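I wanted to go through the side-chain contacts in this one and jot down what turned up. Here are my notes, pair by pair.

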Amino acid sequence: MTWSDVAVLRACRRYRRQVGTAYTETYQDEALLAYPDVAEALVGLFRVRVDPRVDGSEAALQHARAALQTALSEIAQLDQDRILRRIAGTVEATVRSNVAVPVGAERGSEALAIKLDSREVPDSTAPVPYAEVFVHHPGMEGIHVRGGRVARGGVRASDRREDFREEVLNLMQAQMTKNAVIVPTGAKGGFVLRGPPADPDERAQATTAAYRRYIRALLDVTDDVEGDGTVPAANVRRRDGDDPYLVVAPDKGTAALSTEANAISHAYGFWLGDAFATGGSSGFDHKQLGVTARGAWVAIQRHFRELGVDVQHEPIRVAGIGDMGGDVFGNGMLQSSQIKLVAAFDHRDIFLDPEADPETSYAERQRLFAAARSSWQHYDRGRLGPGGGVWSRQAKSVAVSEEVRQLLGVDWPSATPPALIRAILQAPVDLLFLGGIGTFVKASHERHDQISDRANDAVRVDAADVRARVVGEGANLGVTQGARIEYARRGGRINTDAVDNAGGVDTSDREVNLKLAVDAAIADGELDPGERDELLAATTEPVVERVLADVGRQAAAISHERVTSAQDLSAHVELLERLEGHGESPAPAGRLDRELEMLPDQAELGIRADAGAGLTRPEIAVLMGYAKLDLRTALLDSSLPDDPALETLLTGYFPDAAVRAMPKAIAAHPLRRELIATRVTGDVVDCMGVTWVDRVVRQSGAPACHVVAAYWVARTLLDAPSAWEIVARHELSCDPLLTAELRALVTAALDQVARTELRFGVEAIGEVIERDRGAVDAIASAAGELGSQRLQRRSRRLDRLPPAVVDVHRRVNDALPFARVAEQLELVESRGLWQRWQRQGLVGELQQARRAVAERVLTEHPDRDAPEAVAAFLDARPEARARLERLVARVEAADEVDLDAVAVVVRALRDAFAG
């Protein structure tokens, strides 16, 4: 047996360990050594399957299988039989390898790559990827998993040598829903060093060398593209179909290595060029742009604005995970000068500044962010407030100042670093911002050994003990999904990491798609090669603006879905049941696995229905991601993306400078259909709700592509974007219930027109729009002749949205304590079924009262503009306003929110102002 044969067996054995076998490496080695005939037969089957230097015919394959079965039949011990048969199953699942690729100066890896059809791997557990590549070398190992043929995601340098495959699989699963806002499905990669050097500089060098081996190994088994055709990977026998799509985005530990990867891509002549690894010397620098943190901050801003706080102008107390040298944490803590960073920790140090001065600490954070390789130990102690300090996590004990005790709500004179970190995670702050690697919050029902992050077992806390008002997930996997749901059900505001930090992957995706168009334009002579870098630089900020808008729309859609979730629960249940499907266990990637995603089962949904409760924000985020993936797939299987009326979605995706410079390349983009399908999917789901398409499909019997076409006709005829803009202009300064009402006016009109169009049929979107535009314009003109006063009073019945009505609603909401009362209702911890019903009834009563007050303002002062009408209405009721303010203040000052007290306030507000 050659050393190459031994490497194959070692790789299979190491891969089996990553899959999750209970058998140790030594025990597996003993099985292989005990049965050399089996070992030889395993290698023989492997080479017949994927080594192009030997006969790979069907006859040779059957002969190799028979030889292996004969050898396996001689095994006497049960454990050894299981070990060797699972390795045999892994060999059978292998579809490619670079075992025959020669290693050279520019091409070929020193590491062995084994590509597997994950569905055929024995004992593979959910989530099951579409395909994976295992990379093995004596000094490193790695894995790359994909949820589909066209998939994108980052590659990280992992610290989890024992279970890096599980880490990467979980990240891929998050990427699947995160990638609902971009073109492809999710992918993820990771590699580890075996025996990493202790010296930081030596470790960095070893990481770079391992990354090069890993990237070369992946490219060894990846096809190429020439023109419109696929070029098979050289010196590789393929047991699968064409597979030329591979993109590696920067991630933990690889942010500075994209240039290395793109150099390898050029050496291989890979068709994606420097679109292969986003970022790098000719790409978008994520740390410089701060796009991941800026996207997370967009989501965080929405949380706080819905709580009545403007984080750009009002101080908030923040506890965080990370340090200022990190991309996400460093950029995140510079998004507002009002951040009072009172506590933070990373893998080295603990930082505490309980009396932080926003201006002073912001300047010091800026300094640390700009410094090379900074840590909390470099923080200028002279800029710390009273009681603050920086301590190593290696310290035996930390003295706890009085200021820190008050901040954390503890009475300890001293504490161990793990105890102090747990207290930071449980601190009663405004925001807990996760910008570092690790899983720090679990659900109360989860055990530490279920989390697969042993390094943080000593500091991890339960969601029930997290007292921050908002949790922002700039990093991945900082909070388990079970913990998110538990925290949200207790009134905490949280999305998911797939929503909060989608900015990075969205930017990478747009960079890839832009470079594909640029390279095509250069090849066709539409763009001069010398203009390439200049064009990429000119489009950078417009790309970031579009990315942040994507994150904002997604967060807004979740907010609006949450407001109506209780009344829409039955539709959510029906969508859940359809998305999860039947008959496959474990569910393949892309199909909803309710248990894996921790979505409520039928019994729990029944309890919530009885209680008048709906899905939480984290649950909605997951459901929305899967709904978008499902709808996008359906649209790609139809002719809808080819409809000329949707061409503006393609051009609107790219910055204006790119459209002007290379219109032909963009029109002929290789992912044109995918881009259009993704953009129209996002528009309809974000605007109409996660269940709308599914409901109309069930009620009408029409396919999803026809429903979406009808929606697009209605959207165009009613000029819905203008209406959305009016709502968006005011929604962050209004209560969520109010904006939900305003959005409902638009969606009701769109729903009615779309269903009507669907009954008549929508064959070609553009033709239907031209056919019906005249009638719609005539109706709108007739409605305008009713006069502004009558239109304001009848706007709801006419499904109209005049700006005056919006302005009155907003000003009434600002002038009276609707938002404050709604916040108290959010804080109520309902005890038992009847209290939950009472709370839900009060939410509806508050909503009705707000609408009634606005209508009274319009009725009593029909000739005044919105500011004067609202002012006159309230000036006539000074005693009622003063009495209501006293009631609200008493409720807010109470130690615990009392549901009966809030009910008194709601009814006082209604009786005094709504009539």
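**Salt bridges**

I started with R679 and D550, whose side chains meet in a salt bridge at 3.1 Å, N to O. I checked where they sit: R679 is in helix 25 (residues 672-688) and D550 in helix 18 (residues 532-563), so this pair links distant parts of the chain, 129 residues apart. Both R679 and D550 came up as buried. A reminder to myself that this is a predicted model.

Next I looked up D243 and K115. Their side chains also meet in a salt bridge, 2.4 Å from N to O. I found D243 in the loop between strand 9 (229-231) and strand 10 (249-250), while K115 belongs to strand 2 (residues 112-116), so the two tie together parts that are 128 residues apart in sequence. Both D243 and K115 are buried.

I moved on to R383, which forms a salt bridge with E364, the closest N and O atoms being 3.5 Å apart. R383 lies in the loop between helix 12 (358-370) and strand 14 (389-392), and E364 is in helix 12 itself, so the pair ties together parts 19 residues apart in sequence. Buried or exposed, I wondered, for E364? E364 has 1% relative accessibility, so I wrote it down as buried. R383 is at 34%, so it counts as partly exposed.

For the tally, I noted 80 salt bridges in the model.

**Aromatic rings**

I turned to the rings and got a count of 16 aromatic pairs. The one I opened up was F329 with F433: the ring centres are 6.2 Å apart and the planes are at 45°, so I logged the pair as tilted. F329 lies in helix 11 (residues 327-332) and F433 in strand 17 (residues 431-434), so here too the contact ties together parts of the chain, 104 residues apart in sequence. I looked up accessibility for both: F329 is at 1% and so counts as buried, and F433, at 0%, is buried as well.

**A charge over a ring**

Last entry: where does the charged end of R877 sit? I found it over the ring of F873, 3.8 Å from the ring centre.

Notes: Residues numbered from 1 in each chain as written. Predicted model: local features only at pLDDT ≥ 70, side-chain atom pairs only at ≥ 80, totals over all residues. Heavy atoms only, no water. Salt bridge = Lys/Arg side-chain N within 4 Å of Asp/Glu carboxyl O. Helix = DSSP H or I, 4+ residues; strand = E, 2+ residues; numbered from the N terminus. Buried < 20%, exposed > 50% of the residue type's maximum accessible area, 1.4 Å probe, protein only. Phe/Tyr/Trp six-rings, centres within 6.5 Å; stacked < 30°, edge-to-face > 60°. Lys NZ or Arg CZ within 6 Å of the ring centre and 35° of its normal.
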